Amino acid sequence: MKKTRFGLLAALALATALSLTACGSGDTGDTTDTGSDEPAGPVTLTMSGWSFQTTPEFQVLVDAFEADNSDVKIELKEYDANDYETLMLADIASGTATDIITIKQAKFTNQWVNQGALADISSVVSALPNNVSGAASYTVNGVNYGVPYRQDSWVLFYNKDLFDKAGIAYPDGSWTWDDYAAQAKALTQALSADGVKGAYEHSWQSTLQGFANAQSPGADVTNGADYTYLKPYYERVLDLQQSGAQETYGNITTNKLTYQGQFGKQSAAMMAMGSWYVATLIAQQASGDADSFAWGMAPAPQYDSSTTGTSKTPITFGDPTGLGLNPKLEGDKLAAAQRFLQFAASEEAGVALAQIGILSSVAADSVTQAYFAQAGIATDDLSQFAISTHDTRPENPPHAKIAAIQTALGEAHSAIMSESTPVDDALADATAKIKDELA
Amino acid sequence: MTTATTTARPVRRRSRLRRRNTLLGLSFIAPNFIGFAVITLVPILILFYVAFTQWYAVGTPKWTGLANFRKLFLHDSTFIDALINTLYYTAAHLPLTLAASLGLAVLLNRKMRGMAFFRTAAFFPYVTSIVAIALVWNLMFSPDTGPINQLLRFIGLSDPPGWTVSSTWAMPAVIIVGTWREMGYYMLLFLAGLQTIPAQLYEAAQVDGASAWSRFWHITLPGLRPTTFFITVMLTIESMKVFDLVFVMTAGGPGTSTLVISQLIWRRAFEGEGEFGYASAIALVLFVICLGFTLVQFVINRRSEK
């Protein structure tokens, strides 16, 4: 009897302790305390980020901000890059999300707004200077939820050494996709002795659909009615794949080929890729992970000649990376966090980011200059034009069902590229699914 | 309790003893049960409610009645694809794994030198990281450069399958890997079952001149019936909720050719719009299907027991 009572008591004690610690952690985890009772001192904010070892941009932004704002301290909280959204969801649901929430993928904006995880920051966004691009990607029902600090866009990388070897002229900014395809075949033929392919197109749906959605006249990925405009893009690429001018989708997926390896180790002479690859390529050439070769950037090939040539503005695509705020913020903390967001989309922050190879959402000469001052970067005129002049359309325009739309189109992409389903059938299937989703 | 107060002393002492033993027993299972209740049981019970709501993992779920299910069965062809794929996987994976693991168990149920090595070898895939398995098998299945197709071409097949990059062959490829991975585990269960069959039965049959096949058919199989039943139930449920293997091998592609229900649940909840209500509705359907299969299996088992 005594033992039983002791056991019961122990169980009760344990249960009480557990519930107490649960409450306790809730209290300490509460990051939204306005600190009104605390003595005046620096305001401390938390901010989410990922893979700090390889993604120094968060620390750079924070350091640059804190240098001018000694009354604010920003603590970075690291998440795993691959599971960022899932981990954030856990923190959002438990009420322990950071004060400043980094929006890694624009297509998650809608979900987080649904979950009440992002505050309306329209006042901050409307005060941003005109040269900041990408804020539209974080707009849901006319309300702004994010400030873009980073804006990548897709360009054409090419290996100058391989072009020289093949005796083919470098891209000059005048290419349409048909020119690109013709050159890819010519390069493949000229470099066949070395087993080099003319082009590399990675297995992601964005490598094709991103361009088609941005460039095709009248195309709107969110309208759900008609995706036949993707067909000419697919037919061109399937032809390249079948003729051996680019690696097949099957080999890329089963052998887990990386685009860094394919371009960096000179297996392909050119590759359309996001501008984030610039920093990677420089780093890998310095470390020896990539071969040493001369390279350059050209504007992405265009739908037709109406947007080609350096006198025009080429159309490309890309999503921004942005910062949102926790709706629980108020008082001093809110004011400090808003100041930080404004700073992140400023020319000063843009220059700081450009120095580590990150393209800011701010278009300014000082930012471009800082970007091309990096050691190891291609500095020719066309590379500078490709990086500084473009009409970058959002890959994921704001829409309540954008993720579901992209999923259906992604299924069509793998079905077509693996050559298991004819283009028309796969696109019709995707269209039917998207219509259901939007109904 | 009223009977306890009126009964004699020894009975009272016995009932006190029983209560004490019950409490002691409960305290032993408490740590496990509390964990199970908090992490598994309560969320499952909540799921039954959430399935009838619109909910984004935060805030109050909005009751929508049968709307999720109406959309699921009438306006979501991806769900129908996933349902068919899941049934396809189960229909092929279940008999294949059952046959392979039983065959292995019978083969390895002998007293022979090196038997421990072969048993370990057969079990090894089960304890290997599934990501590593998927990576290596993907390389082997590579349509142009993979060793499997090279072998098929060598033996004269001019047009070998595209495996994981063909919507026709991706599911067979996944089933092959799934069977290869799990047969070792179920082999162990069969081996344990084989130990329970009395050796005298085999000796008697041998004396009567029964062939190896008829010994297997008339002694081994009936003797293994409880084990086979257990494995069939477990395998059905495991196959219906397969996720990790498909996710890392093909991610559901090409197209939706290997998309299974579990992946669809995950996709709806964690990718994109965060529709936890809708994802819960799919999970509920999967639960009902699994429950249905298991009940049928129990009924069949009971009937054949009689």
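**Briefing on a predicted model with chains A and B**

In chain B, the centres of domain 1 and domain 2, taken over C-alpha atoms, are separated by 42 Å. The model is predicted. The domain assignment of chain B places domain 1 at residues 2–39 and domain 2 at residues 67–305. Chain A is likewise divided into domain 1 (43–151 + 319–363) and domain 2 (154–317 + 395–438).

**Domains of chain A**

- A distance of 30 Å lies between the C-alpha centres of domain 1 of chain A and domain 2 of chain A.
- To the contact between them, domain 1 of chain A gives 12 residues and domain 2 of chain A gives 11 residues.
- On the side of domain 1 of chain A that touches domain 2 of chain A, helix 4 and strand 4 (139–140) of chain A are the elements that give two or more residues.
- That side of domain 1 of chain A is made up of five nonpolar, five polar and two charged residues.

**Contact between chain A and chain B**

- The contact joins 37 residues of chain A with 38 residues of chain B.
- Six helices of chain A each supply at least two residues to the side that touches chain B: helix 1 (2–29), helix 3 (84–93), helix 4 (109–114), helix 10 (249–254), helix 17 (402–417) and helix 18 (423–438).
- Helix 17 of chain A provides the largest share of this side, with six residues.
- By class, the side of chain A that touches chain B holds 18 polar, 13 nonpolar and six charged residues.

**Helix 11 of chain B**

- Helix 11 of chain B covers residues 225–240, and its 16 residues should span 22 Å at 1.5 Å a residue; the end C-alpha atoms are 22 Å apart, so the two values agree.
- Its buried residues are B:T227, B:I231, B:T232, B:L235, B:S239 and B:M240.
- The cover over these buried residues of helix 11 of chain B includes helix 4 (77–108), helix 8 (170–195) and helix 14 (276–305) of chain B.

**Helix 5 of chain B**

- Helix 5 of chain B (residues 115–127) has 13 residues, which should span 18 Å at 1.5 Å a residue; its end C-alpha atoms are 19 Å apart, which agrees.
- Helix 5 of chain B has a bend of about 25° at B:A121.

Definitions and conventions:
Residues are numbered from 1 along each chain as its sequence is written. Chains are lettered from A and ligands numbered from 1 in the order in which they are written. This is a predicted model: local features need pLDDT of at least 70, side-chain atom pairs count only at pLDDT 80 or more; totals for chains, interfaces and linings use all residues. Domain bounds come from an automatic or database domain assignment. Two residues are in contact if their C-beta atoms, placed from the backbone, lie within 7 Å. Helices (H or I, at least four residues) and strands (E, at least two) are DSSP runs, numbered from the N terminus. Ala, Val, Leu, Ile, Met, Phe, Trp, Tyr, Cys and Pro count as nonpolar, Asp, Glu, Lys and Arg as charged, and the others, Gly among them, as polar. The expected span of a helix is 1.5 Å times one less than its number of residues. A residue is buried if 20 or more other C-beta atoms lie within 10 Å of its own, exposed if 12 or fewer, and partly exposed in between; C-beta atoms are placed from the backbone. The bend at a residue is the angle between axes fitted to the seven residues ending there and the seven starting there.
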